[in-house]
Amino acid sequence: MPTRVAGVDVTVVGDGLPVTVFAHGLGGSSVETRPLAARTPGTRVLLTFRGHGASEPIVGGWTYDDLADDLAEVTVAFGATRAVGLSLGAGALLRLLSRTPDRFDRLAFVLPAALDERRDDLATARLLRLGDAVVAGDQPAVVRILMDDVPSEVRHRGGVRVLVDRRARQLLSADPPYPRGTEAPLRDLSPLSAVSAPTLVIAQSDDPLHPSPVAARLTTALPVADLLLLRPGGVFWTETRRVQDALAAHLATETS
């Protein structure tokens, strides 16, 4: 099995069917989606977008078309029939579905951040601060910004700081992946009406980077979709096992 497809680094976990591709968030890599894939049956293909991690750089910054191309290349190379998009990866998946709405037979969106509107809010400002801190090589500042995303109820746990420090080192080890422009994943929501794949949308409350109303709009726009709304920090901090089980159950189900 290849570990690089068209400049995209790929990590393969498990074997057999179904084959599910996992797409990470901004500044992340395949490491970020590994917890989401932990209990999913079959083969899990965890990609790292170009311009991120050890994948090839994208001169001038990424666009959603670039990310959708990466997702399509990996999907074809491994014969994936199911896809999970996290945050930025959800946007890439939306762009790919706008081209080929029947590409997958099962879908999941985790913490979608944007649909058909550009982000120009506190979340955007936070990402810009994070990028500036990475460029400056300021690890304490990167850690502080990342800790703001951790619910106060779990910040005292010993493993939290270890995970945040690891994430900070990962971000500092490469150039920050800036977008080339300020486009949204979709021009409008109309292409989603042609997506027939059963879909699970997962969101969490009080998350300015991934507002739950965005997830609710996405759920409404898709013909066959369910929304799982968690408490703050639920995906990676307070309800991770619930997320893993929900994804596993959804992605394991045969599509009639």
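The protein exposes about 11600 Å². Carbon and sulfur atoms supply 53% of that area. One caution before we go on: this is a predicted model.

Now the overall build. The secondary structure comes to nine helices and eight strands. Along its principal axes, the C-alpha trace spans about 50 × 40 × 35 Å. Does that go with a compact or an extended chain? Let's take the radius of gyration. A compact globule with 256 residues would have a value near 18 Å. The protein has 17 Å, so the two agree.

What about the inside? Of the 256 residues, 51% count as buried. Next, contacts along the chain. Take those between residues at least 6 apart in sequence. Of these, 75% join residues at least 24 apart.

Let's zoom in. How many aromatic pairs does a search of the whole structure find? The search finds one. The partners are Trp-62 and Tyr-64. Their ring centres are 5.3 Å apart. Their planes stand at 75 degrees, and over 60 counts as edge-to-face, so that is what we call this pair.

Are these two residues buried or exposed? Buried means under 20% relative accessible area. Trp-62 has 8%, so Trp-62 is buried. Tyr-64 has 9%, so Tyr-64 is buried too.

Stay in this stretch of the chain. Helix H2 covers residues 64-78, and Asp-66 sits in that helix. The relative accessible area of Asp-66 is 13%, so Asp-66 is buried as well. What does its side chain meet? A polar atom of the Asp-66 side chain lies 3.0 Å from the backbone nitrogen of Thr-63.

Now look further along the sequence. Leave aside the neighbours of Asp-66 within four places. Which residues is Asp-66 then in contact with? The list is Arg-50, Ile-58, Gly-61 and Arg-180.

Last stop: helix H9. This helix has 13 residues, 240-252.

Val-243 and Gln-244 are buried.

Notes:
Residues numbered from 1 in each chain as written. Predicted model: local features only at pLDDT ≥ 70, side-chain atom pairs only at ≥ 80, totals over all residues. Heavy atoms only, no water. Helix = DSSP H or I, 4+ residues; strand = E, 2+ residues; numbered from the N terminus. Expected span 1.5 Å × (residues − 1). Buried < 20%, exposed > 50% of the residue type's maximum accessible area, 1.4 Å probe, protein only. Phe/Tyr/Trp six-rings, centres within 6.5 Å; stacked < 30°, edge-to-face > 60°. Polar contact = N/O pair within 3.5 Å; in protein donor to acceptor, adjacent residues only side chain to side chain. Contact = heavy atoms within 4.5 Å. Rg over C-alpha atoms; globule rule 2.2 N^0.38 Å. Areas by Shrake-Rupley, 256 points an atom, 1.4 Å probe, with all protein chains shown as cover.
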